[in-house]
Structure formats: structure tokens, C-alpha cells
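Hi there,

Here is the structure I promised to pass on to you. Have a look at it first, and then read on for what turned up.

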Amino acid sequence: MSDKKPILEFKDIHVEVEGKEVVKGVSMTINPGEIHAIMGKNGSGKSSLSNALMGHPSYTITKGEAYLKGESILDMEADERSRAGLFLAFQYPLAIPGVTVANFMRAALKSHRGADADMSDFRKLFKAAMTDLSVDQSFATRYINDGFSGGEKKRIEVLQMSMLNPAMALLDETDSGVDIDAIKIVSEGINRYQSENNGVLMVTHYQRLLNYVKPDKVHVMMDGKFVLTGGPELALKLEESGYEWLNEEKTGV
Amino acid sequence: MTTQNQDIMIPEITPELKRGPQWLQDKRTASKESYNNSPIPRRGLHLWRYTDPASFVVDKDQVVDTAFRANLNYTIEAELAHLKDGNLSAFVVDKSGRDIEINSSDNVTSDVIIISTLSDAVESHFEIVNKHLYSLVNNETGKFEAMNSALWNDGIFIYIPDGKTVEQPIHLLRESGLDKSAQFPRLLVVVGKNSEVTIIDEYAGGSETQSDNMSLTNSAVEIFGDIDSRTRYISLQRNSEGAKIYLAHRANAEQNASILTVPLAFGGAISKQNFGVTLNGEGADSKMYGLLFGGGRQHYDNHTLHHHAVGKTTSDINFKVVLKDKANSAYTGLIRIENSAKVCEAYQENRNLLLNKGCKAETIPELEILNEDVICSHGATIGPLDPEMVFFLKCRGINETDATRMIVSGFVEATLKQVPADLKEKIPEFVAKRLEDI
């Protein structure tokens, strides 16, 4: 073990959805400053893992341990995990009609800072974050994700991340449903956020996003398990050869 | 034959109601006869499936109580201040449909607004009153409309002559008495050609708790929008928790007239409200944005009607319901488009949000579309808070209670947008109050 405490560490995590086991014992350690990626086909369990780590009530962790900066998070509600420093960027960010992006963002930041916190800097921070992510100022008064395009939704997700500045960011398919220009903006946002003090775990089907955000480690997930872990070159190999060779390799073993 | 219980018949019209011109007395007598000769509606009957009609019957001896809750004085002072600041054109306090006090802004002259008691208007604006009063809500509308038509003591008359724009809203406060009181307020609004007005009709007071002696308020509202007029009518029902409310609202929109109706309900024990607009001239448009938020054991029964009497008319209803505790609500919404009314557009949406398991909502769209040359849609949903929305907000650090409040506030936002500035603070307060102990 290195002397620095891992940002996120989970061991032998098993996840059930509606009584069916979809994640079958996975472990990972993410140290400060590290970017990890989980790659896998649809249905491999990677989104279930990130939802379960965040505390989604439909994803039950039946076995295993998870620690954020050394603190066990599995007994926490999702909002407590968020305030403890965990962030999940959604694959399909939900629309909440009638709630403006600004009001939501203010409430979110206030919850992180505490009920009595001074929020007088909010407007300035919010405007700066919007500018960084090329989000038009008019989005402040629009309802969250209501009628947003795929790219707009993902930019707003990254905006939330940059404002809350979590210790650990789980990015679930942040590149899906997004055109190439938006990918650039979104990945720039991720790179701006990323530092020696935090951790990033990207969950993705394609290697596209990994061209812009360089992972230190790539974990390949199949059927609820990590079947292979390697460096960034593994992502390139998957891009070239697809996932089929892994199947052969796996069945071969 | 249905035998009528003598106790619940209207006796001879009392001397105090025997005033005004003969035609009015004849109407009262005819209404009394209609009420006494009509049976109590059967529960299976249209519009009576969800509420026991016996709730709205009054005993022969039921007194009109003029004892009012002192704490409404706060509202009166606040609205008088709004009036003084120039944010209202007029503020009217209507106690039990009997004592009506009219406060007009100094900025508004009588060539822009004529506002008086109905009993005065019967004399001073005979022709207008004679032409319009009882033409939309009368003894033939229904048994309880007949009751109001016979027993209203005094009412409010608002007339905007042709070509006038009333810049600031007219605010009416209709106060109900305490236990055992019965009141029959009445409102007649006539908006002239190319004129514009906003009216806030606020119902407050009534019995404080549920008992066998709950106060009854049976109100009738008639609104006429002449050619090219623009009328906004906000009905705010925030009666006390033991009040029974029966409201019959009808409006007419002539050619190119637009009518916006915003029914808001937070109060009362049993509340049956019926809002209807008839589109009577080409280009007429009606929009309704309703919201009710019930808690405790409140019972709501709302009906809306959009009647397209002629072609090239448009209507849109968005009625939202939020319930908690053991409250229940039934919404029935009728769109009727006549055979001759071609090229109409009519939309209806009713969304019901149930915050816990004990509450109950029903929604019944009713479409009577008699020709095919129309665009019409309706949608209805009943459901709990979307757990995915709650999770989304929790993922950003917002706790479950605040997340719920936020989603509900978002749910009602579109309706609250329609509320005039005068009520901008007040209505979110009612919503917030309901959300206090979730």
C-alpha cells in the first residue's frame, strides 16, 4: 500500500437488481490523482456498479465493502454520500420540470456547504462555471434537463461536478448521446476538475472519451466481473478488436 | 316520486330578500320552487359520483352567522396596503354575501371600472344586470345553483366599459362565517369590448374544524367577456379546515375574447367547484391553469367545462393536484365541441401527485366532440413522486425532504406563473405550508 489514503476503495462488491445479481464481486482502489476507466459492453454491470456505489435504492449491495477517503459509505443515503464527496454523473440525466438549473445548483451547493453557509459568491461561481463549459447563461433559468439536447445535458452534469468539486467522480457513460464538439467541451471540463487531490472513475462503452481524458488504469467488465485490468493501451485494443477476443480468452481460461 | 324532507326546503323568501324589482323577485321565487321541487341528486348521477350532495343542504333554521375570524384582519390590512400602494385597482370585502365593503383606488376612475354591490347595480345599471344576471348560473343549472339563485342576499357587480384597460387587479375577499353559518355570495362580471381586467377572488374563513355544524358557502360566479376583451380570473379557495364550499363558475367568451381562469384550492373540508367557459365567438380562447394541494382529510371535487359553441375557438386546461395525508380529489374535465364548431383546438391535462399512500385521486376526462375537424388532446396521470427524481437530487447532496419539496414546487411552478404579482408571495406560502411536515 502507498502511504497516501485511497480516495475510493471497494472490495468484493456484489450488486442485485430486482433479485438478480448483476455485479458479482469486484474490487478497485483509486488513489488521489488517478483516473480509472471501466469498459464493457451493455449489460456487463458497469452502470449498476456506479449506481450502487452512489446509493441508488434499486441497486442493492448484497456483499462487499466501500470506502470514500477511508470512511465506509455503504450505510449512507445518497445525499450523505454526495456531501461526503462522492459524485455520479448520470448516463441519462433526468428532467425535473419547474425547477430551474440555478435554483437546483444553489440548493446543491448549499447542502454541501451547510445550512448557514454564506452563498453570496454563488452567482459569480455559477456564471464562471457556465462560461467554462460553453453553457449559455439562459440555461440558469431553464428547468433542469427539460428539453435539453444530449450534449447540453452532459455539459450541465459536468457543470454540477465542477461546482461541487467532489473528491471522487463517477462518470457514467458521459460520452453517450453526445456529438464530437460536446465531447471536447465535456472532457475539457473533466480535465479542469481533475487534480492530484481527487479521483475519477469513467464508465464507458467506447474508448472515444478516453482520447481526451487519459486513464491511468482500464478495467474491463464482463458479466458482472472485472476480467482484465491494464493501462490505457487496453482501451485502444478494445477499440480495435472489440470485446469478442476477451470472450474467447475468458472461455479459453 | 321523491318525498322532500320539509326541513331542507327553502321556506318563504324572507322579507329582507324581498327587495329590488319584480323580475328579480320572480327569479328568486322560481329558483326557490326549483330547489324545493328537485330531488337531492342521486350519487350515481354525473358530477355527483364523488361527493355526497347532502353535504350542501342547509337546515331550514340554519342561521347566517356574522361572527368572523379575527385573524383575517391581517389579510384585509395587507390588501388595503396593496391598494394604497397602487398595486390593486379595488379591494372588496364581502362578508357572508351580506355586508359588502368596496375600497377603490384613488387612481381608478369610474369611467374605467364600475364596481358596486349587486343590489345597487340592480337599480343603477339595470340594463346590464337584467341582461346578464342569472343567464349563466340559474335555477336550471342545478339544485344548488337554484339555492344560490334564490337565497343570495347581496353580491358584487363589476363592469368594465368598452375599451378600458384596468391595469391593476381587483381583489375580492369573500369571508365565510363560523359554525352553522350558510352564505350565498354572488359575483357578476361584465367586461366590455376590447377591455381588460384581472380579478382575484379569494375565499377565506368558515368553520375552523370538521363537525356536524360546518359552515356552508354556496357561491355563484358569472363572467362575460365581450368581443376582443381579455379577462383573467383567479379563484383562490383557502377557507378554514371545517368549511364546506360549493362553487358554480361560468364564463362566456365572445369573438376574439380571451379568458384565463386560475382555480387554486388549499382550504376547506369539502370543496366542490365547477369552472366552465363557453366559447361563443370565433377566435375566442380560454385557458385554465388549476392547482389544488390537499392535506389532512380534505375532500375536493373539481369539474371543468370547455364548451366550444362555435368554430375557430381554442381552449387549454392544465389542472394539477397534489395530495398528502388522507386527502382525496376527483377531477372531471369535459370538453364539448358542437357539430357546427369546426376548426377548434382543445387541450386538457390533469396531473395528480400523491405524496403518501393514504391519499387518493381520480381523474376522468370527458370528451364530447361532435365533429372531426378539430385538434384535441387530453392526458391524465396519477402517481407518487418519481423516485428517480428524488435520487437525482439526493445525488447532489439535497436531502430527501428538501428534494421532495423541490420536486413539488417544480410540479406547481407552471400554474404559479399565472398568478398576478399581488399573490406572488402568498401562493408559494400556501404550498410551503403544506410541505412543512412532509
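The residues that line the largest cavity divide into 5 polar, 3 charged and 2 nonpolar. This is a predicted model, so please read everything below as computed from it. The cavity has a volume of about 40 Å³, and a search of the whole structure finds 1 cavity of 30 Å³ or more. If you want to locate it, look in chain B for its lining: B:Asp94, B:Ser96, B:Gly97, B:Arg174, B:Glu175, B:Ser176, B:Gln183, B:Pro185, B:Tyr203 and B:Thr217. Which strand gives the most to this lining? That is strand β5 of chain B (residues 170-176), with 3 residues.

Next, the largest pocket. Its volume is about 1,000 Å³, and 34 residues line it. Nearest its centre lie B:Arg238, B:Lys426, B:Glu429, B:Phe430 and B:Lys433. Two helices of chain B, α2 (73-84) and α8 (426-434), each supply at least two residues of the pocket lining. By class, that lining has 17 charged, 11 polar and 6 nonpolar residues.

Now to the place where the chains meet. The size of an interface is often given as the accessible area lost when the parts come together. Between chain B and chain A, the buried area is about 1,900 Å², with carbon and sulfur atoms giving 69% of it. Chain A brings 32 residues to the contact and chain B brings 19. Which three residues supply more than any others of the area that chain B buries against chain A? They are B:Phe391, B:Phe392 and B:Arg396, which supply 39% of that area.

Finally, a pair of helices in chain A. Two packed helices are described by the angle between their axes and the distance between the axes. For helix α5 (residues 150-164) and helix α6 (residues 180-193) of chain A, the axes come within 10 Å and cross at roughly 5 degrees. Angles under 35 degrees count as roughly parallel, which is why α5(A) is described as roughly parallel to α6(A). On the α5(A) side, the contact is made by A:Gly151, A:Lys154, A:Arg155, A:Val158 and A:Met161. The α6(A) side contributes A:Ala182, A:Ile185, A:Val186, A:Gly189, A:Ile190 and A:Tyr193. Taken by class, the contact of these two helices has 7 nonpolar, 2 polar and 2 charged residues.

Enjoy exploring it!

Best wishes

Methods. Residues numbered from 1 in each chain as written. Chains lettered and ligands numbered in written order. Predicted model: local features only at pLDDT ≥ 70, side-chain atom pairs only at ≥ 80, totals over all residues. Heavy atoms only, no water. Axes fitted to C-alpha atoms, helices over the stretch in contact; angles between N-to-C directions. Helix = DSSP H or I, 4+ residues; strand = E, 2+ residues; numbered from the N terminus. Parallel < 35°, antiparallel > 145°, perpendicular 65-115°, else oblique. Contact = heavy atoms within 4.5 Å. Nonpolar A, V, L, I, M, F, W, Y, C, P; charged D, E, K, R; others polar. 1 Å grid on protein atoms, 1.4 Å probe; cavity = no way out; pocket = protein on both sides within 12 Å on 5 of 7 lines; lining within 4 Å. Points joined across faces, edges and corners; volume = space filled by probe spheres on them. Buried area = accessible area lost by both parts, 1.4 Å probe.
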